[in-house]
Amino acid sequence: MNEHKGPLLLSAKDVVIKFNLRGQELTAIRGASLDVYQGETVAIVGESGSGKSVFTKSFIGMLDQNGRVESGSLLFHGEDMTKYSAEAQWLKVRGKKIAMVFQDPMTSLNPVRVIGEQIAEVIMWHFHKSHDEAKKETVELLRKVGIEDPEQRYRQYPGEFSGGMRQRAVIACAIACRPEILICDEPTTALDVTVQAQVLNLIKDLQREMKMSVVFITHDLGVVANVADWVAVMYAGKIIEYGEAGEIFHQPEHPYTKALLRSLPQLGVKGHDLYAIQGTPPSLFKEIRGDAFAPRNMDAMKIDFEEEPPAFSVSPTHWAKTWLLAPEAEAYRQDLARRDAEASSAQTPSAPFDYGKAEPLLSVKNLSVHFKLGSSRVKAVDGVSFDIYKGETLSLVGESGSGKTTIGRAVMSIYSGNVEGGIYFKGRKINQKLSKKDRGKLRMEMQMIFQDPMASLNDRAKVDYIISEGLYNFHLFENEGDRLAKVEKMLREVGLTSDFMTRFPHEFSGGQRQRIGIARSLIMNPDFVVADEPISALDVSIRAQVINLLNRLKQERGLTYLFIAHDLSAVRFISDRIAVIYRGRLVELAACEELFSRPLHPYTKALLSAAPYPDPDVEKNKVIHIYRPEAGDAATAREWIEAFPFHFVLATREEAEEYRRENN
Amino acid sequence: MQSTIKTIARAHDPALFTRADFDQAESERIGVSNYSYWRSTLRTFFRSKLVILLVALMAAILLMSFLYPMISRIDPTKVSTRSRNWNLRPSWEHPFGTDTLGRDIFARAWYGCRNSFLLAFCIALSDVGIGMIAGAVWGYNRKLDPFMIELYNIMTNIPSTVYLVLLAYIMNTSYLTLFISMASRGWIVEARFFRNRILSIRDAEYNIASRCLGTPMLRIATRNIIPQIISLIIMEAALCIPYSIGSEVFLGFVGVGMPVDAITLGNMVNQGRASFTLHPYQMLLPTAVLCLITVAFYIIGNRFADASDPRNHL
């Protein structure tokens, strides 16, 4: 019986890949196997460091210099590619038979050559065609990947393309040789949600048309649900569960897969902790005994620490490497299932935020921020007004370049001179010259949490100094002992131990670093926190930890958050109200559930429809709205109208009337 | 995939299939990355045999040039009146021979090294020191841009020789003149270099975080900025030294260098040049020392620049 659509193309068997890293040996892939069949999409899901990129890079012989395939085999059409010794042998496969699309389109394009020539070159090189023929074919390819006006676009440089267009061009380049397998390494992670949805559709269409196999690498379960026929879950260099997409999403067996799916904020119940995976992924420098996930698994069994589980099959198309499926574990398994059922039925969502008694803590009135770009002036934020009430979480959602981070930084008084309008905190205007004392007080009351845990900590300073920086600035401690006690208390509050104090940030994982960043801001005891995409750079398994932490701190300390995000799905769980921003202007502002149930502005609709949802059945049937803003004055003629109670939208009067009619 | 599914041959102890205790600390333990910036930089730096050799050699020459004047009894300025002591070929007694006045070239070479090094160190210190401070101020105040860029253009577009010759004419030749004439120009090149570097890390998230915490400028500079660019400072200083020594030789060559009685490598090369056709060793040996020092410092500086780039840390 063969449940696959086509013949077997590529078969990786027990691949072990090792790296020499600064004198130590790291086993990145600890015996992973994967079969790729013709015309199918297999998605490899895993967090950063799980080895999913390294594994697929070995399919085209592109491991970094210090890495090597230690054992195992890579059979492509029956030929073992691990035996390849010369680069010439790889060249017959790489690009021609197996092509790859990377995360950042800019790394695969030459910025000083026109896009068309770069693609034409590939065709000329592989098919020995004349320049004219190659050019004709390139224009055809560009048209195929959905680039409008391909003749014009042929002559443009990568810099003249938007991020989504660039990724389309890279895809055109990758499919130029009609490869049998297309490996997509997080091709949409750097793109905006609305663009991501379009690129995913493009990949699916191309696959169907060209009968390619696609190996799709991603950490985003929503994307997986959208594209995958088959899903392979990777953890610590091993594939731990494999099956059809529906099976993985609806009936996961491995504790890690289960935990991943349960910890998604989309599935959270408001007012309750999200299900969070504890801890951080294991070190691959050391030998891992038993199930690699066991130390983080609250319900691990003793055998998980002793012996590595073999693959148990669940159905002919689904297997998982977990001892839970062993016949001996039957009793324990039922016990777990019973407890899970009890836990999930008990949760009811908390009451929505009461705006009746709320008083505004921060008011932004007609805020504009401009930047000088050469001789021209760019308005990053254009006449934005909103209030944040004490104790609420207002989320600001928009794509990259929409000005959301700029608003956050303007509120924090990072800019000088280029901010117009008023920012009022506790009734006082703060974007003006303040006395040193007032400014200092403000610095204590308002704090910021940053996006990138790698960039936001000074990696030449110890954790102790990083967390006490604010204490030093305002002498918020009596003596050295008092300071240490405060730092220690803060560290405990974010779930870290005091022996981390003497270490440098590079010794921590992303999630731990983000928690250090949170500790640094909250040690000042602020009332108001700007959280600038605090979870978007984190791994899926870590996000829930940080979301829970932010929620808990909010309740314990009565904080007010301005939460900045680029993706609507993640903010539903945390926000009380959501403001949608597009090209520097707010387009819609409403209470969270109201916005999800009754989106008015076409851009909000596009955002909502594009957000990937982690359920293949939902994803396969979804319709994507594409928002095309009209050019010129029409946009500026709109005003900020309360279409429904507390539901604001940027629209003309006629549009607002129409919105009201449609939704009543 | 069916083939990979193994059947378990042996039975397991049922006690193993019960709940294990959850250890919070164990779950938080990560593979502490063994990466340390300085350790990796030094490891990459000393990986090359050439670098080890050159660093050892430079350390030896430096040590010797400062120790030799203390332990040696040979007076490098002692002129011999007897013509048989003039222009002696290298021998055991005079390893580098003697010059036209019978002075011992070997001794003079060490004194020359010392003086040239001292001059170069002073220039490196002022260039990099002033340059860094000016660069930091420049990087943080965009309003200075038009003025500083013009100043940079003017100072770097006038050929350095013209400028140095002019300055040397105005003032009497001395160590101080030479120092002023070289230091007054070198800082702006360094300032621009540091300005660009500081500009690129000025808006890094951790610096914005410090601003949000109300950290005063001075502490941001000493705790956030300088530790990040310290390797660049070392590199620039290392590259400044051969440049200064080379300039000193060149100025001597065009006749506006040090006074004739000062012992520097530049003066020795120039004095040796006069009798080059008859006694080539008088010029070649000091030149060899000079070349060795400048080339070694250039290589060390450049290799250090490579090693301090995290992208080269493997």
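Here is a short chat about reading chain A and the way chain A touches chain B.

Biologist: What should I know before I start?

Modeller: This is a predicted model, where local features need pLDDT of at least 70, side-chain atom pairs count only at pLDDT 80 or more, and totals for chains, interfaces and linings use all residues. Residues are numbered from 1 along each chain as its sequence is written, with chains lettered from A and ligands numbered from 1 in the order in which they are written.

Biologist: How many helices and strands are in chain A?

Modeller: Helices (H or I, at least four residues) and strands (E, at least two) are DSSP runs, numbered from the N terminus. Chain A has 24 helices and 24 strands.

Biologist: What is the strand order in the open sheet of four strands?

Modeller: Strands of a sheet pair through backbone hydrogen bonds, either parallel or antiparallel. Pairing here takes at least two DSSP bridges between two strands. In chain A the order is β2-β1-β4-β5, with antiparallel pairing. β2 (24–37) and β5 (79–80) of chain A are the edge strands, each pairing on one side only. Two bridges join β4 (residues 67–76) of chain A to β5(A), and A:L75 has A:D80 as its bridge partner.

Biologist: Which element gives the most to the side of chain A that touches chain B?

Modeller: Contact means C-beta atoms, placed from the backbone, within 7 Å. The contact takes 54 residues from chain A and 42 residues from chain B. On chain A's side, α12(A) gives the most, with five residues. Others supplying at least two residues include β2 and α16 (463–474) of chain A.

Definitions and conventions. Two residues are in contact if their C-beta atoms, placed from the backbone, lie within 7 Å.
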